[in-house]
Amino acid sequence: MRCEDIRFKLVDYFENTLSPEERKLVQNHLDTCSRCQKEYEEIVSTFEILKKESLIEPEEIYWTNFVPAVRSRIEKKEETGVVIIPKWKFAGGIVTFFLILLLGIFLFRNDRKVMFKSGTESYTYLLPAEDEKIEELFYAEEDESSLRSLITEADRKKLVLAEEELEEYYWEKGGKEKSLEELDIKQLEDLKKTLEKEKFKKEIL
Amino acid sequence: MDEEITQELIRRFKQGEEKAFNELVSLYKKGIFNLVFRMVRNQEDAMDLAQEVFVKVYHSLKDFRGESSFSTWLHRIAVNLSLNFTQRDRFRSFISLPDLTQPILSSNSPLKDYEKKELDKAIDQAVLSLPKKQKAVFVLRHYQELQYSEIAEVMGKSEGAVKANYFQAIKKLRKSLAHFGE
């Protein structure tokens, strides 16, 4: 096994989560490779530093009041959620506002659909930044129920699959120094294009 | 956490028994506080956010269909709220005032106390500057002690991707904290 592959396993080796065979492999490598041994010592030292971190515990009163505080927040949210009947002179404006909102949602929904329909694939690649935007929408704090209807769980799973495939490809290409989310848009687009080209090549060969 | 008790409480809550929700909150409150605290690294914010997590749970629990375990679902909500919070308040978290409640310092030596404070501060900064997915994976693994497979479910990623994120997070922390190991 190459040093690079061994190093990737060092954290799991330290946490004792490798299979006995893998553990032995790493152990044998560490016995003979001083650079990986040094890397391992640094990982051990990092975990020792992290172990020294202080424990933080709020005072007992916080825990005693926890449930009532949550209840009071729930009630407050419900109170602010009550719709006050508007005066007639505002009604026209409000109806127009909702019509525009509905139209916006309709257009937005169609726009999102295009993303999943493009190409002959069952899904198309999205950059993690795009994925993140959608994830933010999916988990948006307000009016979650209406947003859920825009992005279904199935769509979200497609996004996850697409990102995983891109991530795996990136790792195969040796991109272990940075994670996908740290690449800039240009690098991501190039990576996406190369992956698509290679997939196309595989298909026609 | 006992999944059977949890399922029973959810069933009772869905049938309209409000008290069951309180019991659910009591069961999970400490774990969730610890999770959000390690994510946002500020006690006051974490105390506030932990309660917000359960407000969100209250409003969504009726639609919870049990496709994943309750604990996975709860962790996902807490992680997402914390990530959204850190994004919104990224600037604030770097200039925030010291916490009202400081960690209990056990030593009698002011120098040791000072060193410990410096170490805590350095760990806070190091964790806060991790990219968001790496930070979430690190917190779920290191502090919450979840298995890679559980983290993968919470994050909606493959186990391989989670391992990669954890590995990269440790690598970055190692760089940021190197001088404390000398």
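Hi everyone, let's begin with a definition: angles under 35 degrees count as roughly parallel, over 145 as roughly antiparallel, 65 to 115 as roughly perpendicular, and the rest as oblique. Axes here are lines fitted to C-alpha atoms, for helices over the stretch in contact, with angles from 0 to 180 degrees between N-to-C directions.

Two notes on the source. This is a predicted model, where local features need pLDDT of at least 70, side-chain atom pairs count only at pLDDT 80 or more, and totals for chains, interfaces and linings use all residues. Residues are numbered from 1 along each chain as its sequence is written, while chains are lettered from A and ligands numbered from 1 in the order in which they are written.

Chain A has ten helices and zero strands; helices are DSSP runs of H or I, at least four residues, and strands are runs of E, at least two, numbered from the N terminus.

Now, how do α1(A) and α3(A) sit relative to each other? The axes of helix α1 (residues 3-14) of chain A and helix α3 (residues 34-51) of chain A come within 10 Å and cross at roughly 30 degrees, so α1(A) and α3(A) are roughly parallel.

Next, Glu167(A), which lies in helix α9 (residues 153-172) of chain A. Glu167(A) is buried, with 22 other C-beta atoms within 10 Å; the cut-offs are 20 or more for buried, 12 or fewer for exposed, and partly exposed in between, with C-beta atoms placed from the backbone. Glu181(A) is 14 residues from Glu167(A) in sequence and 9.7 Å away in space, C-alpha to C-alpha.
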